[in-house]
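Hi there,

Here is the structure I promised to pass on. My notes on it follow below.

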Amino acid sequence: METAGVEVLVAGGGAAGLVAALAAADAGASVLLVERDPVLAGTTAMSTGLIPAAGTPEQAAAGIADSPALLARDILAKHGGRTDAGVVERLAAESAPAVAWLQRHGVPLSLVTGFTYPGHSVMRMMGTPNRTGAELVAALARAVEAAGVAIVTRARLADVEAGPDGRIAAAVLERPDGAVERIGCGALVLALGGFAGNAEAVARFLPEMAGATMHGHPGCRGDWLALAERLGAALADLDSYQGHGGLAAGHGVPILWPSMTEGGVQVNRAGLRFHDESRGYSEAAAAVNAEPGGVAWSIWDARIQQVLDQFDDTRDARAAGAILEADSVAELAARTGLPEAALGATLAEVAELTRSGAPCPFGRRFAPRPPLAPPFHAARVTGALFHTQGGMVVDTDARVQRRDGRPLPNLFAAGGTARGLSGPGASGYIAGNGLLAATGLGRLAGRSAAQAARETRP
Ligand SMILES: Cc1cc2nc3c(=O)[nH]c(=O)nc-3n(C[C@H](O)[C@H](O)[C@H](O)COP(=O)(O)OP(=O)(O)OC[C@H]3O[C@@H](n4cnc5c(N)ncnc54)[C@H](O)[C@@H]3O)c2cc1C
(Lines give C-alpha, C1' and ligand atoms only; values in the text may rest on other atoms or scores of the structure.)
Protein backbone atom coordinates (compact mmCIF):
# COMPACT_ATOMS: atom_id res chain seq x y z
CA MET A 1 0.00 0.00 0.00
CA GLU A 2 1.35 3.47 -0.86
CA THR A 3 0.68 6.54 1.26
CA ALA A 4 1.41 10.17 0.32
CA GLY A 5 4.91 11.26 1.25
CA VAL A 6 6.24 13.60 3.91
CA GLU A 7 9.24 15.89 3.99
CA VAL A 8 10.87 14.34 7.05
CA LEU A 9 10.20 10.84 8.28
CA VAL A 10 11.54 10.03 11.75
CA ALA A 11 11.73 6.36 12.74
CA GLY A 12 11.76 5.59 16.47
CA GLY A 13 9.82 7.26 19.27
CA GLY A 14 12.33 7.56 22.13
CA ALA A 15 14.10 10.79 23.08
CA ALA A 16 16.16 10.92 19.87
CA GLY A 17 13.17 10.48 17.56
CA LEU A 18 10.87 12.81 19.50
CA VAL A 19 13.47 15.58 19.66
CA ALA A 20 14.34 15.13 15.97
CA ALA A 21 10.65 15.35 15.03
CA LEU A 22 10.23 18.49 17.14
CA ALA A 23 13.28 20.16 15.60
CA ALA A 24 12.22 19.28 12.05
CA ALA A 25 8.71 20.64 12.69
CA ASP A 26 10.22 23.80 14.22
CA ALA A 27 12.21 24.21 11.01
CA GLY A 28 8.96 24.19 9.04
CA ALA A 29 8.97 20.64 7.64
CA SER A 30 6.00 18.28 7.43
CA VAL A 31 6.98 15.43 9.76
CA LEU A 32 5.82 11.87 10.33
CA LEU A 33 7.14 9.89 13.30
CA VAL A 34 6.77 6.11 13.18
CA GLU A 35 7.22 3.83 16.18
CA ARG A 36 7.10 0.06 16.22
CA ASP A 37 5.54 -0.23 19.72
CA PRO A 38 1.90 0.58 20.55
CA VAL A 39 3.07 3.46 22.80
CA LEU A 40 5.96 5.90 22.78
CA ALA A 41 8.46 4.83 25.44
CA GLY A 42 11.73 3.20 24.38
CA THR A 43 14.76 3.00 26.65
CA THR A 44 14.16 6.66 27.37
CA ALA A 45 11.04 5.92 29.43
CA MET A 46 13.01 3.43 31.56
CA SER A 47 15.80 5.93 32.20
CA THR A 48 16.36 8.49 34.93
CA GLY A 49 16.01 11.07 32.20
CA LEU A 50 19.01 13.20 33.14
CA ILE A 51 20.50 15.34 30.36
CA PRO A 52 23.82 17.14 30.88
CA ALA A 53 23.98 20.80 29.91
CA ALA A 54 26.90 23.18 30.40
CA GLY A 55 26.53 26.90 31.02
CA THR A 56 22.83 26.95 31.89
CA PRO A 57 21.15 29.83 33.76
CA GLU A 58 20.20 27.25 36.41
CA GLN A 59 23.90 26.56 37.03
CA ALA A 60 24.67 30.29 37.16
CA ALA A 61 21.89 30.78 39.74
CA ALA A 62 23.41 27.97 41.84
CA GLY A 63 26.89 29.53 41.59
CA ILE A 64 28.27 26.70 39.42
CA ALA A 65 30.93 27.73 36.89
CA ASP A 66 30.73 25.50 33.82
CA SER A 67 31.36 25.75 30.09
CA PRO A 68 30.87 23.65 26.95
CA ALA A 69 34.66 23.24 26.81
CA LEU A 70 34.68 21.68 30.30
CA LEU A 71 31.80 19.31 29.45
CA ALA A 72 33.57 18.22 26.26
CA ARG A 73 36.81 17.74 28.19
CA ASP A 74 35.06 15.58 30.82
CA ILE A 75 33.42 13.37 28.16
CA LEU A 76 36.66 12.92 26.21
CA ALA A 77 38.81 12.41 29.33
CA LYS A 78 36.84 9.29 30.38
CA HIS A 79 38.13 7.38 27.32
CA GLY A 80 41.22 9.34 26.37
CA GLY A 81 39.54 11.02 23.40
CA ARG A 82 38.74 7.81 21.53
CA THR A 83 35.72 9.17 19.66
CA ASP A 84 34.98 12.04 17.25
CA ALA A 85 35.96 15.09 19.30
CA GLY A 86 34.17 17.36 16.80
CA VAL A 87 30.81 15.71 17.55
CA VAL A 88 31.42 15.86 21.32
CA GLU A 89 32.35 19.55 21.13
CA ARG A 90 29.29 20.37 18.99
CA LEU A 91 26.92 18.61 21.39
CA ALA A 92 28.57 20.29 24.38
CA ALA A 93 28.24 23.70 22.69
CA GLU A 94 24.57 23.02 21.88
CA SER A 95 23.73 21.49 25.29
CA ALA A 96 22.53 24.62 27.13
CA PRO A 97 20.67 26.10 24.10
CA ALA A 98 19.02 22.68 23.55
CA VAL A 99 17.77 22.55 27.16
CA ALA A 100 16.45 26.12 26.93
CA TRP A 101 14.68 25.20 23.65
CA LEU A 102 13.11 22.11 25.27
CA GLN A 103 11.97 24.23 28.23
CA ARG A 104 10.34 26.67 25.79
CA HIS A 105 8.49 23.66 24.37
CA GLY A 106 7.14 22.88 27.83
CA VAL A 107 9.61 20.18 28.92
CA PRO A 108 10.07 20.84 32.66
CA LEU A 109 13.82 20.45 33.21
CA SER A 110 15.57 21.60 36.39
CA LEU A 111 19.11 21.26 37.73
CA VAL A 112 19.85 18.13 39.78
CA THR A 113 21.83 19.16 42.87
CA GLY A 114 23.33 17.37 45.84
CA PHE A 115 26.02 15.32 44.09
CA THR A 116 28.12 15.06 40.95
CA TYR A 117 28.31 11.90 38.86
CA PRO A 118 31.71 10.26 38.28
CA GLY A 119 33.53 11.92 35.41
CA HIS A 120 31.64 15.21 35.66
CA SER A 121 33.62 18.15 37.09
CA VAL A 122 30.49 20.00 38.24
CA MET A 123 26.75 19.56 38.76
CA ARG A 124 25.17 19.91 35.31
CA MET A 125 22.41 17.27 35.00
CA MET A 126 18.97 18.55 34.05
CA GLY A 127 15.96 16.37 34.89
CA THR A 128 12.16 16.38 35.07
CA PRO A 129 10.47 16.96 38.48
CA ASN A 130 10.60 13.30 39.58
CA ARG A 131 13.77 12.57 37.62
CA THR A 132 12.18 9.95 35.40
CA GLY A 133 12.49 9.20 31.72
CA ALA A 134 8.76 8.46 31.58
CA GLU A 135 8.07 12.11 32.46
CA LEU A 136 10.58 13.17 29.81
CA VAL A 137 8.89 11.06 27.10
CA ALA A 138 5.44 12.34 28.09
CA ALA A 139 6.56 15.99 27.94
CA LEU A 140 8.34 15.47 24.61
CA ALA A 141 5.30 13.69 23.15
CA ARG A 142 3.06 16.60 24.18
CA ALA A 143 5.46 19.07 22.54
CA VAL A 144 5.69 17.00 19.36
CA GLU A 145 1.91 16.74 19.06
CA ALA A 146 1.53 20.48 19.69
CA ALA A 147 4.03 21.12 16.88
CA GLY A 148 1.77 19.26 14.44
CA VAL A 149 3.88 16.12 13.95
CA ALA A 150 1.88 13.10 12.78
CA ILE A 151 2.60 10.03 14.91
CA VAL A 152 1.94 6.47 13.80
CA THR A 153 2.54 3.66 16.27
CA ARG A 154 2.61 -0.09 15.59
CA ALA A 155 4.65 0.71 12.47
CA ARG A 156 8.08 -0.88 12.17
CA LEU A 157 10.61 0.60 9.78
CA ALA A 158 11.42 -2.59 7.91
CA ASP A 159 13.41 -1.25 4.97
CA VAL A 160 14.17 1.81 2.86
CA GLU A 161 14.18 2.47 -0.85
CA ALA A 162 17.37 4.19 -1.96
CA GLY A 163 18.75 5.34 -5.29
CA PRO A 164 22.20 4.42 -6.61
CA ASP A 165 23.63 7.55 -4.93
CA GLY A 166 22.26 6.38 -1.58
CA ARG A 167 19.47 8.97 -1.57
CA ILE A 168 16.49 7.65 0.43
CA ALA A 169 13.26 7.89 -1.57
CA ALA A 170 10.89 6.06 0.74
CA ALA A 171 10.51 4.14 3.97
CA VAL A 172 8.93 0.71 4.00
CA LEU A 173 6.82 0.12 7.09
CA GLU A 174 5.53 -3.17 8.38
CA ARG A 175 2.37 -3.38 10.50
CA PRO A 176 1.68 -6.07 13.14
CA ASP A 177 -0.82 -7.81 10.80
CA GLY A 178 1.90 -8.12 8.15
CA ALA A 179 0.60 -5.25 5.99
CA VAL A 180 3.35 -3.27 4.29
CA GLU A 181 3.20 0.47 3.59
CA ARG A 182 5.53 2.59 1.50
CA ILE A 183 5.92 6.24 2.46
CA GLY A 184 7.93 8.64 0.33
CA CYS A 185 10.15 11.09 2.22
CA GLY A 186 12.52 13.95 1.50
CA ALA A 187 14.81 12.92 4.37
CA LEU A 188 14.95 10.13 6.93
CA VAL A 189 16.07 10.24 10.56
CA LEU A 190 16.96 6.89 12.11
CA ALA A 191 16.32 6.97 15.86
CA LEU A 192 15.77 3.26 16.53
CA GLY A 193 17.86 3.05 19.71
CA GLY A 194 20.74 0.62 20.03
CA PHE A 195 20.84 -3.19 19.81
CA ALA A 196 20.77 -4.27 23.48
CA GLY A 197 17.51 -6.18 22.79
CA ASN A 198 19.19 -8.38 20.17
CA ALA A 199 20.93 -11.22 22.03
CA GLU A 200 22.75 -12.40 18.91
CA ALA A 201 24.25 -8.96 18.23
CA VAL A 202 25.14 -8.55 21.93
CA ALA A 203 26.99 -11.89 21.90
CA ARG A 204 28.79 -10.86 18.71
CA PHE A 205 29.77 -7.30 19.57
CA LEU A 206 29.71 -7.23 23.41
CA PRO A 207 30.77 -10.75 24.39
CA GLU A 208 31.48 -9.71 28.01
CA MET A 209 27.77 -8.89 28.42
CA ALA A 210 26.40 -11.98 26.67
CA GLY A 211 24.09 -13.62 29.20
CA ALA A 212 24.04 -10.57 31.51
CA THR A 213 20.69 -9.16 32.61
CA MET A 214 19.36 -6.79 29.94
CA HIS A 215 17.68 -3.83 31.62
CA GLY A 216 16.92 -1.78 28.56
CA HIS A 217 14.12 -1.63 26.03
CA PRO A 218 13.74 -5.09 24.44
CA GLY A 219 12.54 -3.46 21.20
CA CYS A 220 16.00 -1.97 20.57
CA ARG A 221 16.98 -4.76 18.23
CA GLY A 222 19.41 -2.93 15.96
CA ASP A 223 17.25 -3.13 12.84
CA TRP A 224 19.59 -0.45 11.50
CA LEU A 225 22.59 -2.81 11.40
CA ALA A 226 21.28 -4.44 8.20
CA LEU A 227 20.32 -1.06 6.71
CA ALA A 228 23.83 0.25 7.35
CA GLU A 229 25.30 -2.75 5.57
CA ARG A 230 23.06 -2.26 2.54
CA LEU A 231 23.57 1.52 2.29
CA GLY A 232 27.33 1.36 2.87
CA ALA A 233 27.06 3.41 6.08
CA ALA A 234 30.11 3.42 8.34
CA LEU A 235 29.72 1.87 11.80
CA ALA A 236 31.95 2.49 14.81
CA ASP A 237 32.42 1.45 18.44
CA LEU A 238 29.99 -1.48 18.24
CA ASP A 239 31.64 -2.85 21.40
CA SER A 240 30.62 0.27 23.32
CA TYR A 241 27.86 0.06 25.89
CA GLN A 242 26.29 1.57 28.97
CA GLY A 243 26.30 -1.01 31.72
CA HIS A 244 25.24 -0.65 35.34
CA GLY A 245 26.87 -2.40 38.26
CA GLY A 246 23.95 -1.81 40.62
CA LEU A 247 20.77 -3.39 39.29
CA ALA A 248 18.89 -4.82 42.30
CA ALA A 249 19.08 -8.57 41.66
CA GLY A 250 15.67 -10.12 41.12
CA HIS A 251 13.92 -6.74 41.35
CA GLY A 252 14.96 -5.08 38.08
CA VAL A 253 15.36 -1.65 39.69
CA PRO A 254 18.64 0.28 39.52
CA ILE A 255 20.21 1.35 42.80
CA LEU A 256 21.51 4.71 41.64
CA TRP A 257 25.23 5.20 41.66
CA PRO A 258 25.45 8.09 44.16
CA SER A 259 25.05 5.16 46.58
CA MET A 260 28.68 4.41 45.70
CA THR A 261 30.21 7.75 44.75
CA GLU A 262 29.01 9.44 47.94
CA GLY A 263 30.99 6.90 50.01
CA GLY A 264 29.32 3.50 49.64
CA VAL A 265 31.10 0.27 48.70
CA GLN A 266 30.45 -3.04 46.97
CA VAL A 267 31.49 -6.36 48.46
CA ASN A 268 31.33 -9.87 47.03
CA ARG A 269 29.88 -12.95 48.73
CA ALA A 270 33.07 -13.22 50.80
CA GLY A 271 32.49 -9.72 52.21
CA LEU A 272 35.47 -8.32 50.27
CA ARG A 273 35.69 -5.28 48.01
CA PHE A 274 36.82 -6.10 44.47
CA HIS A 275 37.07 -2.86 42.46
CA ASP A 276 37.15 0.96 42.52
CA GLU A 277 33.44 1.78 42.69
CA SER A 278 34.09 5.49 42.04
CA ARG A 279 35.29 4.98 38.45
CA GLY A 280 31.75 4.67 37.08
CA TYR A 281 28.68 2.48 37.04
CA SER A 282 29.08 1.34 33.46
CA GLU A 283 32.34 -0.57 33.81
CA ALA A 284 31.17 -1.79 37.25
CA ALA A 285 28.69 -4.12 35.48
CA ALA A 286 31.39 -6.46 34.15
CA ALA A 287 33.30 -6.21 37.46
CA VAL A 288 30.24 -7.37 39.44
CA ASN A 289 29.43 -10.11 36.96
CA ALA A 290 32.97 -11.48 37.25
CA GLU A 291 32.45 -12.13 41.00
CA PRO A 292 31.09 -15.49 42.22
CA GLY A 293 27.42 -15.83 41.25
CA GLY A 294 27.60 -12.59 39.25
CA VAL A 295 26.30 -10.67 42.27
CA ALA A 296 27.55 -8.20 44.88
CA TRP A 297 26.14 -6.29 47.83
CA SER A 298 26.09 -2.50 47.57
CA ILE A 299 26.36 -0.92 51.02
CA TRP A 300 25.75 2.72 51.93
CA ASP A 301 24.31 4.66 54.87
CA ALA A 302 21.48 6.99 55.94
CA ARG A 303 23.34 10.16 54.86
CA ILE A 304 23.71 8.78 51.32
CA GLN A 305 20.14 7.50 51.35
CA GLN A 306 18.97 11.12 51.65
CA VAL A 307 20.73 11.91 48.35
CA LEU A 308 19.07 8.89 46.70
CA ASP A 309 15.61 9.78 47.96
CA GLN A 310 15.16 12.59 45.39
CA PHE A 311 14.76 9.90 42.68
CA ASP A 312 11.64 7.96 41.78
CA ASP A 313 13.91 4.95 41.10
CA THR A 314 14.75 4.88 44.82
CA ARG A 315 11.09 4.90 45.78
CA ASP A 316 10.58 1.99 43.36
CA ALA A 317 13.53 0.13 44.90
CA ARG A 318 12.16 0.63 48.42
CA ALA A 319 8.66 -0.41 47.36
CA ALA A 320 10.08 -3.54 45.73
CA GLY A 321 11.80 -4.43 49.01
CA ALA A 322 15.21 -4.26 47.32
CA ILE A 323 16.84 -2.12 50.05
CA LEU A 324 17.42 -3.49 53.54
CA GLU A 325 18.53 -1.57 56.62
CA ALA A 326 20.70 -2.66 59.55
CA ASP A 327 21.71 -0.88 62.75
CA SER A 328 25.07 -2.62 63.12
CA VAL A 329 27.65 -4.65 61.21
CA ALA A 330 26.40 -7.77 62.98
CA GLU A 331 22.82 -7.13 61.87
CA LEU A 332 24.00 -6.28 58.33
CA ALA A 333 25.90 -9.58 58.17
CA ALA A 334 22.87 -11.48 59.49
CA ARG A 335 20.46 -9.86 57.01
CA THR A 336 22.72 -10.20 53.97
CA GLY A 337 24.22 -13.59 54.82
CA LEU A 338 27.71 -12.12 54.41
CA PRO A 339 30.49 -13.43 56.72
CA GLU A 340 30.51 -11.02 59.69
CA ALA A 341 34.26 -11.05 60.35
CA ALA A 342 35.20 -10.28 56.73
CA LEU A 343 32.45 -7.68 56.35
CA GLY A 344 33.48 -5.97 59.60
CA ALA A 345 37.13 -5.91 58.49
CA THR A 346 36.19 -4.44 55.10
CA LEU A 347 34.08 -1.66 56.62
CA ALA A 348 36.76 -0.93 59.25
CA GLU A 349 39.38 -0.64 56.50
CA VAL A 350 37.15 1.75 54.53
CA ALA A 351 36.60 3.86 57.67
CA GLU A 352 40.37 4.02 58.25
CA LEU A 353 41.02 4.99 54.60
CA THR A 354 38.37 7.69 54.88
CA ARG A 355 40.07 9.11 57.96
CA SER A 356 43.63 8.91 56.59
CA GLY A 357 42.84 10.06 53.04
CA ALA A 358 45.06 7.28 51.62
CA PRO A 359 44.01 5.42 48.45
CA CYS A 360 42.62 1.89 48.73
CA PRO A 361 44.37 -1.02 46.93
CA PHE A 362 42.12 -0.35 43.89
CA GLY A 363 43.15 3.32 43.85
CA ARG A 364 39.96 4.83 45.30
CA ARG A 365 40.13 7.70 47.76
CA PHE A 366 37.20 7.96 50.19
CA ALA A 367 38.08 11.31 51.81
CA PRO A 368 36.79 14.01 52.24
CA ARG A 369 33.34 12.45 52.67
CA PRO A 370 32.39 11.27 56.18
CA PRO A 371 32.90 7.57 56.97
CA LEU A 372 29.95 5.20 56.57
CA ALA A 373 27.93 5.08 59.77
CA PRO A 374 25.02 2.91 60.98
CA PRO A 375 22.22 2.51 60.15
CA PHE A 376 23.55 0.83 57.00
CA HIS A 377 21.54 0.36 53.81
CA ALA A 378 22.26 -2.50 51.43
CA ALA A 379 21.03 -4.11 48.24
CA ARG A 380 22.01 -7.31 46.44
CA VAL A 381 22.91 -6.26 42.91
CA THR A 382 24.03 -7.63 39.58
CA GLY A 383 25.67 -6.09 36.51
CA ALA A 384 23.21 -5.20 33.75
CA LEU A 385 23.33 -4.05 30.15
CA PHE A 386 21.34 -0.81 29.76
CA HIS A 387 21.98 0.46 26.25
CA THR A 388 24.51 0.09 23.47
CA GLN A 389 26.62 3.07 22.42
CA GLY A 390 28.09 2.12 19.06
CA GLY A 391 26.36 2.85 15.77
CA MET A 392 26.31 4.72 12.50
CA VAL A 393 29.09 7.26 12.13
CA VAL A 394 27.63 10.76 11.88
CA ASP A 395 29.16 14.20 11.30
CA THR A 396 28.51 17.32 13.37
CA ASP A 397 25.13 17.77 11.62
CA ALA A 398 24.06 14.17 12.43
CA ARG A 399 24.46 13.22 8.76
CA VAL A 400 25.25 9.51 8.30
CA GLN A 401 28.68 8.88 6.77
CA ARG A 402 29.52 6.20 4.22
CA ARG A 403 32.41 3.86 4.71
CA ASP A 404 34.41 5.96 2.21
CA GLY A 405 33.90 9.06 4.41
CA ARG A 406 31.38 10.86 2.16
CA PRO A 407 27.98 11.66 3.68
CA LEU A 408 24.80 9.96 2.53
CA PRO A 409 22.62 12.71 0.98
CA ASN A 410 19.48 12.62 3.14
CA LEU A 411 19.97 10.10 5.93
CA PHE A 412 20.49 11.17 9.55
CA ALA A 413 20.94 9.24 12.80
CA ALA A 414 20.66 10.08 16.48
CA GLY A 415 20.71 8.47 19.94
CA GLY A 416 21.49 4.78 20.19
CA THR A 417 21.47 4.34 16.41
CA ALA A 418 24.42 6.73 15.97
CA ARG A 419 27.96 6.25 17.19
CA GLY A 420 27.84 7.62 20.74
CA LEU A 421 30.22 9.79 22.72
CA SER A 422 31.69 7.03 24.87
CA GLY A 423 34.50 5.57 22.75
CA PRO A 424 34.94 1.80 22.67
CA GLY A 425 34.07 -0.64 25.50
CA ALA A 426 32.15 0.07 28.70
CA SER A 427 34.53 2.30 30.61
CA GLY A 428 34.14 5.36 28.39
CA TYR A 429 30.54 6.01 29.40
CA ILE A 430 29.82 8.85 31.79
CA ALA A 431 26.32 9.60 33.06
CA GLY A 432 24.36 11.62 30.54
CA ASN A 433 26.22 10.43 27.43
CA GLY A 434 23.08 8.50 26.37
CA LEU A 435 20.58 11.34 26.48
CA LEU A 436 23.09 13.96 25.31
CA ALA A 437 23.53 11.88 22.14
CA ALA A 438 19.76 11.31 21.91
CA THR A 439 18.58 14.88 22.46
CA GLY A 440 21.63 16.68 21.06
CA LEU A 441 22.03 14.62 17.89
CA GLY A 442 18.24 14.38 17.63
CA ARG A 443 17.93 18.16 17.48
CA LEU A 444 20.72 18.46 14.91
CA ALA A 445 19.29 15.57 12.87
CA GLY A 446 15.82 17.11 12.80
CA ARG A 447 17.13 20.48 11.67
CA SER A 448 19.46 18.99 9.06
CA ALA A 449 16.74 16.66 7.75
CA ALA A 450 14.33 19.59 7.30
CA GLN A 451 17.04 21.42 5.37
CA ALA A 452 17.86 18.37 3.21
CA ALA A 453 14.17 17.83 2.43
CA ARG A 454 13.77 21.49 1.46
CA GLU A 455 16.73 21.26 -0.93
CA THR A 456 15.20 18.29 -2.77
CA ARG A 457 11.67 19.78 -2.94
CA PRO A 458 10.51 19.72 -6.57
C1 LIG B 1 17.65 2.31 33.58
C2 LIG B 1 18.30 3.30 32.64
C3 LIG B 1 18.62 4.58 33.11
C4 LIG B 1 19.21 5.50 32.25
N5 LIG B 1 19.42 6.77 32.70
C6 LIG B 1 19.97 7.68 31.87
C7 LIG B 1 20.15 9.03 32.27
O8 LIG B 1 19.72 9.46 33.35
N9 LIG B 1 20.79 9.88 31.42
C10 LIG B 1 21.24 9.47 30.19
O11 LIG B 1 21.83 10.26 29.48
N12 LIG B 1 21.02 8.22 29.75
C13 LIG B 1 20.38 7.32 30.54
N14 LIG B 1 20.15 6.07 30.08
C15 LIG B 1 20.43 5.78 28.65
C16 LIG B 1 19.32 6.42 27.82
O17 LIG B 1 18.07 5.95 28.29
C18 LIG B 1 19.48 6.10 26.33
O19 LIG B 1 20.78 6.44 25.91
C20 LIG B 1 18.45 6.90 25.52
O21 LIG B 1 17.16 6.75 26.06
C22 LIG B 1 18.44 6.45 24.06
O23 LIG B 1 17.41 7.15 23.39
P24 LIG B 1 16.99 6.68 21.94
O25 LIG B 1 15.89 7.57 21.50
O26 LIG B 1 18.21 6.56 21.09
O27 LIG B 1 16.47 5.18 22.13
P28 LIG B 1 15.09 4.65 22.74
O29 LIG B 1 14.58 5.53 23.81
O30 LIG B 1 15.32 3.22 23.07
O31 LIG B 1 14.06 4.76 21.53
C32 LIG B 1 14.19 3.95 20.38
C33 LIG B 1 12.78 3.65 19.86
O34 LIG B 1 12.86 3.07 18.55
C35 LIG B 1 11.85 2.07 18.45
N36 LIG B 1 12.23 1.17 17.37
C37 LIG B 1 13.23 0.26 17.34
N38 LIG B 1 13.29 -0.34 16.13
C39 LIG B 1 12.31 0.22 15.38
C40 LIG B 1 11.90 0.05 14.02
N41 LIG B 1 12.52 -0.81 13.19
N42 LIG B 1 10.87 0.80 13.54
C43 LIG B 1 10.22 1.71 14.37
N44 LIG B 1 10.59 1.91 15.67
C45 LIG B 1 11.63 1.18 16.16
C46 LIG B 1 11.86 1.41 19.81
O47 LIG B 1 10.64 0.71 20.04
C48 LIG B 1 12.03 2.64 20.73
O49 LIG B 1 10.78 3.19 21.10
C50 LIG B 1 19.52 5.13 30.92
C51 LIG B 1 19.22 3.85 30.46
C52 LIG B 1 18.59 2.94 31.30
C53 LIG B 1 18.23 1.60 30.78
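Before the details, one definition: two strands pair if DSSP finds at least two bridges between them. Helices (H or I, at least four residues) and strands (E, at least two) are DSSP runs, numbered from the N terminus. Please keep in mind that this is a predicted model: local features need pLDDT of at least 70, side-chain atom pairs count only at pLDDT 80 or more, and totals for chains, interfaces and linings use all residues. Residues are numbered from 1 along each chain as its sequence is written.

Let me begin with the strands. S8 (residues 168–174) and S9 (residues 180–190) pair in the antiparallel sense over 5 bridges, and Glu174 has Val180 in S9 as its bridge partner. Their hairpin has 5 residues between the strands, and Gly178 there takes a positive phi near 90°.

S9 also runs parallel to S19 (residues 407–413), joined by 3 bridges. Leu188 stands opposite Leu411 in S19, while Val189 has Phe412 as its bridge partner. In S19, 5 of the 7 residues are buried (20 or more other C-beta atoms, placed from the backbone, within 10 Å of their own).

S18 (residues 399–401) joins S19 through 2 bridges, in the antiparallel sense, with Gln401 opposite Pro407.

Best wishes

Terms used: A residue is buried if 20 or more other C-beta atoms lie within 10 Å of its own, exposed if 12 or fewer, and partly exposed in between; C-beta atoms are placed from the backbone.
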